[in-house]
Amino acid sequence: MGRRWLVFPLYKERRVLAKDTMHPLVYFGSNSSGPDAGSLCLEGTLDPHKVAGKIVVCDRGISPRVQKGQVVKEAGGVGMILANTASNGEELMADAHLLPALAVGATEGNLVKRYATATPNPTANMAFVGTRLEVRPSPVVAAFSSRGPSMLLLDILKPDLIAPGVNILAAWTGDAGPSGLAVKNRRVQFNILSHTSMSCPHVSTLLKARHPDWSPSAIKSALMTTAYTHNNNNRQPLQMLQLVGSPTHMHMVRAI
């Protein structure tokens with residue numbers, strides 16, 4: 001295929017792929033544009049005779065993302081490419097995978113799957129090059145973020161603010177491993193987490209700690225009047241599908 005992608009893996013184990021070696025690439029879906037039973041890498045669906053020594057393309061959905069890598073690993077695969085489907089779009093989530101793995105958005109995922117199914121003897125490799133900075137475009141509104149209107153209060157049409165809540169470095173309990181799977185005994189003090197529980201502390205902890213006497217209205221005013229509405233890609237407006245109006249992204253440094 002001759003193409004190279006910069007993507008978002010999170011993998012820190014002893015098992016790595018040699019940079020100068022290409023590995024067979026397989027995808028067991030019947031249609032590259034959407035998932036089916038053969039493409040989701042569910043438990044018991046992969047044949048070790050077809051997977052051993054290969055990188056497997058798995059569609060996102062149904063089972064946990066990290067568990068798909070566990071299924072590939074147990075079947076003898078050397079790596080996994082986790083491809084978003086249309087429902088996830090271009091949102092990329094970092095996970096503590098159990099084997100060399102990476103995630104790609106729906107657009108690039110479809111290209112990889114077409115290559116794996118239409119090309120004789122497809123091959124691939126993956127190399128981990130460290131932390132990426134200045135990613136463009138950013139910020140991007142997460143697929144799981146609520147667009148509105150509120151299902152409880154229908155007069156609330158949309159969120160007033162959005163905050164960082166994807167791939168956040170956060171403290172982690174010692175009661176479970178970073179992958180969240182029982183098969184892994186490794187324990188860490190920090191993990192990469194996402195969702196509302198990661199975006200709320202930006203407000204409730206940082207701003208309230210700096211101004212403990214501020215009321216909720218004062219906090220909202222500070223956040224709203226210092227927020228921004230454009231990303232870093234030629235200052236294009238932030239996009240939220242099915243949302244009335246443009247969202248505003250909080251700027252904590254200005255708010256404080």
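A residue is buried under 20% relative accessible area, exposed over 50%, and partly exposed in between, with a 1.4 Å probe and protein chains only. Ala255 counts as buried, at 6% relative accessibility. Ala255 is found in helix α6 (residues 252–255); helices are DSSP runs (H or I) of at least four residues, strands (E) of at least two, numbered from the N terminus. Met224 and Ala255 lie 31 residues apart in sequence, with 8.5 Å from C-alpha to C-alpha.

The model is predicted: local features need pLDDT of at least 70, side-chain atom pairs count only at pLDDT 80 or more, and totals for chains, interfaces and linings use all residues. Residues are numbered from 1 along each chain as its sequence is written, and side-chain values use heavy atoms, with hydrogens and water left out.

Leu152 is exposed, with a relative accessible area of 81%. Leu152 is found in the loop between β5 (123–124) and β6 (168–171). Together, Leu152, Leu153 and Ile156 make a nonpolar surface patch of about 340 Å². Such a patch takes residues with over 30% relative accessible area and no salt bridge, nonpolar side chains (Val, Leu, Ile, Met, Phe, Trp, Tyr) being joined within 5 Å. A salt bridge is a side-chain nitrogen of Lys or Arg within 4 Å of a carboxyl oxygen of Asp or Glu. Areas come from the Shrake-Rupley method with a 1.4 Å probe.

One cavity of 30 Å³ or more is present. A cavity is a set of points on a 1 Å grid where a 1.4 Å probe fits but cannot get out; lining residues have an atom within 4 Å of a point. The lining of the largest cavity includes Arg60, Glu91 and Met93.

Note on methods. 1 Å grid on protein atoms, 1.4 Å probe; cavity = no way out; pocket = protein on both sides within 12 Å on 5 of 7 lines; lining within 4 Å. Points joined across faces, edges and corners; volume = space filled by probe spheres on them. Patch = residues over 30% accessible without salt bridge, like charges linked within 9 Å, V, L, I, M, F, W, Y side chains within 5 Å.
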